[in-house]
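Load the model in your viewer and switch to a cartoon view. We will go from selection to selection, with a short note on what to look for at each stop.

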Amino acid sequence: MDDHSQNTVAEETQTLFEAPPMAEQERMVEAVLFASAEPVTVRDLEARMPHGCEPGTALEHLRKRYDGRGVNIVRVGDAWALRTASDLGFLMQKETVETRKLSRAAIETLAIIAYHQPVTRAEIEEVRGVSVSRGTIDQLLEMDWIRLGRRKMTPGRPVTFVVTPTFLDHFGLESARDLPGLKELRAAGLLENRPPPGSLPLGGRGDSDEIEEQPELFGD
């Protein structure tokens, strides 16, 4: 094969594996984000897009183009999603109202997990100063707002709880570091000013939690 033929084959091979233009890559990323019901990671995009594409770069360009529009590209943990601009959320109020209200016990338990994760049930009870019913944990697990974390390397190897990407996505958070301060939560009525742990017997108000909650979701 002469030099001309070799050059022709090399050019055809390069063209065959050459990545699409960046504008086309942005269109691909946009299409995947629009069609996906769940946030999408860069690794997911790499698996879907043609060889040689740079989904991370395309994603960043696309995110900038969406700035200031009615829909934004936002980060949810390690993934990305198309979401309504935060200042226009009031327009979606009917669609986003949560029909299942959380009890006071569930709200406090969720807040403790979010701020202290990974945290065990015993540690939650120590912070709250009261026992945590199984129904409270089951409700948060069923909603996919918390999940089981790693077991602690302590006697009994108790399981821990952490918040999920679903929780972060629901509240428009990139990570747990973006949570509001405890003072803001108390001002919003989401946390009570309780006596310090130990001033009440552990489980001293457990029965009241059971009354205000829904029945346990899973039986023994």
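For the helix angles on this tour, axes are lines fitted to C-alpha atoms, and angles run from 0 to 180 degrees between N-to-C directions. Keep in mind that this is a predicted model.

Stop 1: The three strands make an open sheet, ordered 1-3-2, with antiparallel pairing.

**Stop 2: the pairings.** Strand 2 and strand 3 are joined by six bridges, and valine 76 faces alanine 79 of strand 3.

**Stop 3: the turn.** Now pick glycine 77, in the hairpin of strands 2 and 3. Two residues lie between these strands, and glycine 77 has a positive phi near 65 degrees.

**Stop 4: the helices across the sheet.** Select residues 22–35 to see helix 2, which lies across strands 1, 2 and 3 and runs at about 70 degrees to strand 3. Next, residues 55–66 give you helix 4, lying across strands 2 and 3 at about 135 degrees to strand 2.

**Stop 5: helix 6.** Finish with residues 104–116, the 13 residues of helix 6. From first to last C-alpha, helix 6 reaches 18 Å, close to the expected 18 Å. Which residues of helix 6 are buried? Colour Glu108 and Thr109, which are among them, together with Ala105, Ala106, Leu110, Ala111, Ile112, Ile113 and Ala114.

Key: Residues numbered from 1 in each chain as written. Predicted model: local features only at pLDDT ≥ 70, side-chain atom pairs only at ≥ 80, totals over all residues. Heavy atoms only, no water. Helix = DSSP H or I, 4+ residues; strand = E, 2+ residues; numbered from the N terminus. Expected span 1.5 Å × (residues − 1). Buried < 20%, exposed > 50% of the residue type's maximum accessible area, 1.4 Å probe, protein only. Pairing = 2+ DSSP bridges. Contact = heavy atoms within 4.5 Å.
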